[in-house]
There are 2 protein chains.
Amino acid sequence: MFEFDIQYRDGQARVATFQTPHGQVRTPMFMPVGTQGTVKGLSPQELIEIGSQMILGNTYHLMLRPGEQLVAAHGGLPGFTAYPGPFLTDSGGFQVMSLGHMRKITEEGVTFKSHLDGSLVSLTPERSIAVQEALGADVIMAFDECPPYPAERDYIRRSLERTARWLERCYSVKTREDQALFAIVQGGIDPDLRQLSLDLTLPFQTPGFAIGGLAVGESKEEMYPAVAFTAKRLPEGKPRYLMGVGHPEDLVAGIALGIDMFDCVYPTRTGRFGYALTDDGRLNMNGSAPRTQLQPLDPECDCYACRHYSRAYLAHLIRAEEMLAPRMLSLHNLRYLHRLVERARTAIMQGAFQAWAQAWAQRYFRGAVPGWFRQALATGAQVEIQTH
Amino acid sequence: MFEFDIQYRDGQARVATFQTPHGQVRTPMFMPVGTQGTVKGLSPQELIEIGSQMILGNTYHLMLRPGEQLVAAHGGLPGFTAYPGPFLTDSGGFQVMSLGHMRKITEEGVTFKSHLDGSLVSLTPERSIAVQEALGADVIMAFDECPPYPAERDYIRRSLERTARWLERCYSVKTREDQALFAIVQGGIDPDLRQLSLDLTLPFQTPGFAIGGLAVGESKEEMYPAVAFTAKRLPEGKPRYLMGVGHPEDLVAGIALGIDMFDCVYPTRTGRFGYALTDDGRLNMNGSAPRTQLQPLDPECDCYACRHYSRAYLAHLIRAEEMLAPRMLSLHNLRYLHRLVERARTAIMQGAFQAWAQAWAQRYFRGAVPGWFRQALATGAQVEIQTH
């Protein structure tokens, strides 16, 4: 169980299989976000058809509504949501910080007011693990604090030290053998703090490690050196998960730096707002041009929307405020990200990742490939494999 | 083309096949409404899976947005919407009356202000047919006026006479051989006026006839005698379409009286409002009871929602305002109506329609079967087939 088997390497990038109780997944992979027990607008059947593998559920949302006991009564998230494959749940920590009101952080845990009804709720490492065990995901996350950006250096240090103590508490109360607990490395964008968090976290030898505390407001120029620094110091033989990322360019840059798992609400959210992801960048379907275009959203895509609909039809649905519009754009955008990681995997397997990523970026950025992206590719190309 | 072949009879009820350019349909049938070129929330693939046959499109909505020329550029509604089966378009008359502002009705046609942008639009029999030819449905409807309820007897008479003159104009400008033009019989709930409309309409020998002007506010006790009166005077060998109807009980009563085709926004609209249709009546999924029920919406249903989800999960989606809720309830409700007509067809084929309909009604109305329903069944049981 939870065997992570690296089959191909190309620079820091790698293709692997990850075994979970609900099936094997191939990495690198993008995980659709099912915040409230549903990937917004899509059915499990559609997720399977577009190549989704692991689905993310949010502990914070599900514990507040409908409550983890109701999910447990369905046999956990697969029974509740009817998605038969593997799940990952976050610890609730990030959402408490971003959604909870009047939160109070102590050594014990976090107390906050529910964004739903204002009731006072507390979340501790022990409670987070208990909720995640009730939800029954294959991968569960250690309870952590994700400090805001910017934050004082001293605050980040105290926070990551507390997060490490919380990790120990998570580890000690965990009871289910069929769930993999991943630790989260914090430390913001400062290499010394990242190193400190690594030093406090790696000894737990959890079956996977996440990089947290990024994509919270810092620039890409600040973020990617921190990703590179952290990723290369994580165990080679275990999955690496860059939390809350990404946009298409983040997936390609992250894969270059040896990241295996990604999640983000971006594809479904931007789809609901009328934007379609393509190799030529983001297509604004709210404008007037698509209204008369008979070609599909993306002629290179094999999703249901691209196989059946013209841009003109989808633009009509958006103007008419028809539910099928956000559904189809969400479906396409998720398929785009799944196809993107599939193409990255193929390139890695062929030892051609750098060339593929550069060609992809030339087109996506319309010739103006940003420095941070070029730097991430260059760093990823250096082969200095850590062995642990 | 447009052959209507009655294969089974049971009282006034009948089972038939109706041949259209986009395929053969079996009647009685319920037609989902795709007002703006989409059955709200559902994909064509789902419509096919739940047994939809003919889809209704609204001339008024589609001519205003996106405009019939854009639909024609896609090869008509099947190309535009990706539903490969037969379509029926209404004439626009009903929607002009219900949605248009400051409408003015003359012998020439109707002038009204668009509900979208207030622009002045005119719709005439000639324009309605031209738009419907561009939309390309298999069945198109004659341009008519549907008087409100209540209306003065004199007004209804003048209106239905004008509708008959409009039918002649529709008939004379129609050019496409691959579209069947159905006439609409008006006359409100007055038998004399219904007879007058029949006398003016039947001579056109159109390939099908609709009963219009009902379900506009009159009681069921007023409506069903008018359905019975009109249906039995329509040609035996042509499809009969009861426009804008129905609820489950309307389908069963209408089938008893020899109706072959129905359409209504009810199943999708009530689904979006959180109600599920079942043999035990309408289930309110907004209440607190379903929140903890692990059984499906309807254990007798074979739709995706009933095969995969608990009531508790669907109730959670409703509370969380997740898009999957209206989608799944719409899917279930349409499947319920399709299953209902399928069961009615089977009962007719077995010569057991009356017994089946009575048993269905006992359960659906919880023992309190209303008089209008019993009367409709009794009337339908009388075999006095008209031959024309």
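In this predicted model, helix α8 (residues 191-201) of chain A packs against helix α9 (residues 220-233) of chain A at an angle of about 25°, and the axes of the two helices lie 10 Å apart. Angles under 35 degrees count as roughly parallel, and α8(A) and α9(A) are therefore described as roughly parallel to each other. The crossing of α8(A) and α9(A) also has a hand, and that hand is right-handed. On the side of α8(A), the residues that make the contact are A:P191, A:R194, A:Q195 and A:L198, while α9(A) contributes A:F229, A:T230 and A:R233. Sorted by class, the residues in this contact of α8(A) with α9(A) are three nonpolar, two polar and two charged.

A second pair of helices can be followed in chain B, where helix α9 (residues 220-231) of chain B and helix α16 (residues 371-381) of chain B cross at roughly 10°, with axes that come within 9 Å. The limit of 35 degrees applies here as well, and α9(B) and α16(B) are therefore roughly parallel to each other. From α9(B), the contact is made by B:K220, B:E221, B:Y224 and B:A228, and from α16(B) by B:W372, B:A376 and B:T379. By class, the contact of α9(B) with α16(B) has four nonpolar residues, one polar residue and two charged residues.

In general, two copies of a chain are related by a rotation about an axis and a shift along it. Here, a rotation of 180° with 0.0 Å of shift along its axis superposes chain A on chain B, with an RMSD of 0.0 Å. The two copies are thus related as by a two-fold rotation axis. In chain A, the C-alpha nearest this axis belongs to A:M323 and lies 3.9 Å from the axis. Of the interface residues of chain A, 100% are also interface residues in chain B, so the copies meet through the same surface.

How values were computed:
Residues are numbered from 1 along each chain as its sequence is written. Chains are lettered from A and ligands numbered from 1 in the order in which they are written. This is a predicted model: local features need pLDDT of at least 70, side-chain atom pairs count only at pLDDT 80 or more; totals for chains, interfaces and linings use all residues. Side-chain values use heavy atoms; hydrogens and water are left out. Copies are superposed by least squares on the C-alpha atoms of residues with pLDDT of at least 70 in both. Contact means heavy atoms within 4.5 Å. Axes are lines fitted to C-alpha atoms, for helices over the stretch in contact, and angles run from 0 to 180 degrees between N-to-C directions. Helices (H or I, at least four residues) and strands (E, at least two) are DSSP runs, numbered from the N terminus. Angles under 35 degrees count as roughly parallel, over 145 as roughly antiparallel, 65 to 115 as roughly perpendicular and the rest as oblique. A crossing is left-handed if the near helix is turned anticlockwise from the far one by less than a right angle, and right-handed if clockwise. Ala, Val, Leu, Ile, Met, Phe, Trp, Tyr, Cys and Pro count as nonpolar, Asp, Glu, Lys and Arg as charged, and the others, Gly among them, as polar.
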